[in-house]
Amino acid sequence: MRQTLLSLMAVLMMALTMTAQDKVTKTVLELGRTDNRTMEHADYIARNIGGRPVGTHMLHHAEEWVISQFKSWGLEVTVQDAVTIGVGFDRGPWSGRLLSEDGFTLHFGTPAYTAGTRGPQKGKVYLEPKNQREFDRIKGALKGSWVLLETGATSGLAIDASPKADSTRAAQLAEGKEGSVLMYRQMVDAGVLGFIRPSKLPMQVLYNRAMCFDLTMDNLPKACDILLDEHQFAIIKQKAENREDFQLEFDIRNHFFQGPMVYHNILGVIKGSQYPDEYVMMGSHLDAYDIATGSTDDGQGVCVTMEAARLLAAAGAKPKRSIMFCIWTGEEYGLLGSKFFVENKTVPWDKISNYFNRDGGPLAATSITVPPAMYDDFVKACEPLKDYNPDIPFTVNKREGDPQPRPKTAGGSDHAYFQMNGIPAISFRESDVFGYDFIYRDIWHTEDDLYDKLIPEYMEHSAVVQAVTAYGLANLNHLLSREGLFKD
Ligand SMILES: [Zn+2]
């Protein structure tokens, strides 16, 4: 009798848990349709905040906003110091003009952590001297002038002005490699206002990778580093070659200030009821380049991650294991935040079921491909998505063939350090289901990374997919199997 009673109670308990689970999922699906706030987050991050590289006050502002949002939804929030940079960098407006009878407004950008002009600066334009003889001919005129550098396609990074690069160039010149070596230090010492390089459109403008972490207030960059619309560059170059009488004027408000500036990973947690030390994780990076507003890279990812958190919190989710929502810092400067998190074992590596990264454009999460040993668990977790939106069907696929070797080097995005350390970091496949001609490459790291490139229906859908999947996995009786995850 007692036996029967106990098993009856067990069945009842299971049924109750099932109902509670179903109720949460149902609410998430319902809220996902009727009260999806993904684009509210996007509006704030892309339109109110905008560009937010490591080093800026804007990134701190964005952090504070994420923290307050997470807290207002009832998440437990941990703020982890992850990146410190000695000198801070903020950007004000920038403008420029070609001053001549047929003058025009200049279309340009400058990488973060490069020099501004300290007020409008007018100057003549010279072509880059290719050898000592050419340099000697103009060295007296270079002071207060702009120099055109005929580089090929640029990646948008600043010219490497580090002492190391200077000595490499000096050595090359000493070896007689004149003509192919930039006489950078000589021109700076001669007093140029700055350098102008041609840029393809849409303009891709990044940061001063070589120096930003080594700067002090005593060794700040002096010469501007301007990337100019290649069509305008061609016109100006022609004028300089014709020795026409004209000037360029730039007003670039790039400001350096004494740090240190510390940036944070923001970790929001819905605590697990049975296995609180085990985690299903998802994340995106908050830092973004500032030639535009970082709306797609990775504002959209942050908004989707945040909305997944909000939906689950609003639905009263109490999963068996914890769900962690990670808003990373310093991704663009080398995956710094997620690297710090993983390498410091913030969560022990064997306690992570899977980490889902979102950082690849504002597309719809439409499927996931997992190793055979995870397949049944994912099918179960994603079951509620089957009929959620018939226009954007969702499928779970079993990986065919052998696993890939575990990656040895970091690349891509914030999933890298998880994978390199053997932690599952399988992401959703995202696609342009309705064929809106979305090509991420056209936008990525460019001046076109703006709010109007976001695709609300895809992002809102993805927030629901991420919430439901994470919740389903967090409610399993076990962590996901790692069998056959990587080759080794
Ligand atoms: Zn990114």
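Helix 2 buries Thr 38, His 41, Ala 42, Ile 45 and Ala 46. Buried means that 20 or more other C-beta atoms, placed from the backbone, lie within 10 Å of the residue's own. These residues sit on the same side of helix 2, because they cover an arc of only 105° around the axis. The arc is taken from the directions that run from the helix axis to the C-beta atoms.

What covers these buried residues? The cover includes helix 3 (57–72), helix 8 (295–314) and helix 12 (456–474). Helix 2 itself spans residues 38–49 and has twelve residues. From first C-alpha to last it reaches 16 Å, close to the 16 Å expected at 1.5 Å a residue. That expectation is 1.5 Å times one less than the number of residues. Gly 50 follows helix 2, with a positive phi near 85°.

Now step back to the protein chain. This is a predicted model: local features need pLDDT of at least 70, side-chain atom pairs count only at pLDDT 80 or more, and totals for chains, interfaces and linings use all residues. Residues are numbered from 1 along each chain as its sequence is written. The protein chain has twelve helices and 14 strands. Both are DSSP runs numbered from the N terminus: helices are H or I, at least four residues, and strands are E, at least two. Of its 488 residues, 46% count as buried.

The protein chain is divided into domain 1 (21–86 + 261–474) and domain 2 (104–245). These bounds come from an automatic or database domain assignment. Taken over C-alpha atoms, the domain centres are 39 Å apart. Eleven residues from domain 1 and 14 residues from domain 2 make the contact, meaning C-beta atoms, placed from the backbone, within 7 Å.

Technical notes
Contact = placed C-beta atoms within 7 Å. Buried ≥ 20, exposed ≤ 12 C-beta atoms within 10 Å, placed from the backbone.
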